Amino acid sequence: MAAFDLIIKGGTVATAADTFNSDVGIRDGRIAALAQDLGSDAAEIINANGKLILPGGIDSHVHIAQPSGPGIVMADDFASATRSAAFGGNTTVMPFCLQEKGQGLRQALKHYHALAEGQCYVDVSFHMIISDPTSTVLGQELPALVDDGYTSFKVFMTYEGLALADKEMLEVFACARETGAMVLVHAENCDAIRFLTEQLEAAGRTAPKYHATSRPIAVEREATHRAISLAELVDVPITIVHVSNGEAIDQIRWARGRGLKVYAETCPQYLVLTEKDLDGLNMEGAKYVCSPPPRDEESQDACWAGLETGVFDIFSSDHCPFRYDDPAGKLTDKGRTSFRWVPNGIPGVETRLQVLFSEGVAKGRIDINKFVALTSTNHAKMYGLYPRKGTIAIGSDADIAIWDPEHEETISQGLMHGGADYTPYEGLKVKGWPVTTIVRGKAVVRDGELVGEADAGEYLPRERSPYAATQGRS
Ligand code: URP
Ligand code: ZN
Ligand code: ZN
């Protein structure tokens, strides 16, 4: 019997801490050896000369097959989303399981697990979305689920039907504190958005571009500050997701200055898209409708500064795909009447890593170790998967993306492998591309070809995250 199942030979390994030349020996799905020359005693050898060997991407913010309103269908099911993720150099994704109003959490999970079963090319683990925090949900269901490995949940301060009132937010935060779970917060002020939307509609301003006008920076800044203050009252760590601009970043910096555990995430759309993208001819702007909306160049600069200086712990896609040319997607009959009805969200799981690698690493804004931290290691740490996931170390799962750092490409829909019919990054020239994606020692994508099966992915129960430990303040 060979010493290894697979040796990846001759590449440059980069982790969140180090960069070094090493072979990687893999046995039984795990990393078994790292050394300059592991020889050739393996069932399979991959030559990685001139390539980077990185921990597989972990995208901890994706939406797959999530109910999105009457007649609206998300563009991805689990097979298409995880296939697309694998082509984008990801080995784990973390979608949201939505609790619909009146629904029990177990019931929601049962349905969601059934959708994912046998349909995943990469590993998956779910966050819950809490939309109906009844006393049963918070007193019984959620604590039991945290014990079962569902150790994070998201709350919304916006979207009618999802937004929680401040008291409900406090109740969910208190439950997170009790159970040791991580809370993710979507911070936008629901009432302010509703007010502005009504004003815009009354003035006949209904085109997709007014989606951005209806959700200005102040709406996000205020909600970010409020979420932080509510979390401080309860003494619970929180993660503010999809932060889009400098004023929201200032709130996070302010909180950290007070010693609070406030973590933050940003996404590709806030680095390379702007509000102007929503101003397309006819309904084209609908392709870019997401919340918070892309802003302006000053906001992009602020997000880059946040990535460079450590304000952002994680960089996720917020992949939430709807087909554009489809009455069940962006072009619903109602969506044509007002931006208010255009489904929120854009595809991005397959392009997240290339955007940050090219704009960040290749252009010298961040180094490769920070790239790994932002796209993999910190996700594993934040959500209770580390060190099984998120690094290249002896004993860790052999989740690896092999990158060609010199490969130049122009992003286009023709290169994508998901269910959407467009990419918001069409035409963006990038340098650096993931060529091979390996999940627990088995290639899913090899040299740009799909070689894995849709039952390759496993469901991952998670530990409580050390990031979610309270500070014992009150
Ligand atoms: O527009 C977005 N971001 N849609 C996805 C849902 C969310 O708020 O994360
Ligand atoms: Zn959100
Ligand atoms: Zn999202």
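**Metal sites, sheet and buried helix**

A polar contact of 3.1 Å connects the side chains of histidine 63 and aspartate 318. A polar contact is a pair of N or O atoms within 3.5 Å; within protein, one must be able to donate a hydrogen and the other to accept it, and residues adjacent in sequence count only if both atoms are side-chain atoms. The model is predicted, so local features need pLDDT of at least 70 and side-chain atom pairs count only at pLDDT 80 or more, whereas totals for chains, interfaces and linings use all residues. Residues are numbered from 1 along each chain as its sequence is written, chains are lettered from A and ligands numbered from 1 in the order in which they are written, and side-chain values use heavy atoms, with hydrogens and water left out.

Histidine 63 lies in the loop between S8 and H1. Helices (H or I, at least four residues) and strands (E, at least two) are DSSP runs, numbered from the N terminus. Histidine 63 has a relative accessible area of 5% and is therefore buried. Buried means under 20% relative accessible area, exposed over 50%, and partly exposed in between (1.4 Å probe, protein chains only). Beyond its neighbours within four places in sequence, histidine 63 is in contact with Met74, Phe96, Lys154, Asp318, His319, Cys320 and Pro321. Contact means heavy atoms within 4.5 Å.

The zinc ion (ligand 3) has His61 (NE2), His63 (NE2) and Asp318 (OD) as its protein donors, at 2.0 to 2.1 Å. Donors are N, O and S atoms within 2.8 Å of the metal (3.2 Å for Na, K and Ca); water is not among the atoms, so sites may look incomplete. The site of the zinc ion (ligand 3) is tetrahedral, with angles of 89 to 126° among its four donor atoms. Four donors count as tetrahedral if all angles lie between 85 and 135 degrees. Along the sequence, the donor residues of this ion are spaced H-x1-H-x254-D. Aspartate 318 is buried, with a relative accessible area of 8%.

A distance of 3.8 Å separates the zinc ion (ligand 2) from the zinc ion (ligand 3). Lys154 (NZ), His186 (ND1) and His242 (NE2) coordinate the zinc ion (ligand 2), at 2.1 to 2.2 Å. Their spacing along the chain is K-x31-H-x55-H. Here too, distant parts of the chain are linked: histidine 186 is in strand S13 (residues 182–186), and histidine 242 is in the loop between strand S14 (238–240) and helix H8 (246–257), 56 residues apart. Histidine 186 and histidine 242 are buried.

Nine of the 10 residues of H1 are buried, so the helix is largely enclosed by the rest of the structure. Among them are Phe78, Ala81, Ser84 and Phe87. The buried residues of H1 pack against strand S9 (90–98), helix H2 (105–116), strand S10 (123–124), S18, S19 and S20. At the start of H1, a side-chain oxygen of aspartate 77 comes within 3.2 Å of the backbone nitrogen of alanine 79. Glycine 89 follows H1 and has a positive phi, near 85°.

S18, S19 and S20 belong to an open sheet of seven strands, ordered S3-S2-S7-S17-S18-S19-S20, with mixed pairing. Two strands pair if DSSP finds at least two bridges between them. Strand S3 (19–21) and strand S20 (449–450) are the edge strands, each pairing on one side only. Strand S19 (residues 442–446) pairs with S20 in the antiparallel sense over two bridges. In this pair, valine 445 stands opposite leucine 450. Helix H12 (residues 352–362) packs on the sheet and touches strand S7 (52–55), strand S17 (400–410) and strand S18 (429–439). The direction of H12 makes about 125° with that of S18. Axes are lines fitted to C-alpha atoms, for helices over the stretch in contact, and angles run from 0 to 180 degrees between N-to-C directions.

Strand S4 (residues 23–27) and strand S5 (residues 30–35) run antiparallel and are joined by five bridges. Valine 24 stands opposite leucine 34 in S5. Two residues lie between the strands of this hairpin, where aspartate 28 takes a positive phi near 50°.

Methods
Tetrahedral: all angles 85-135°; square planar, octahedral: opposite > 155°, others 65-115°.
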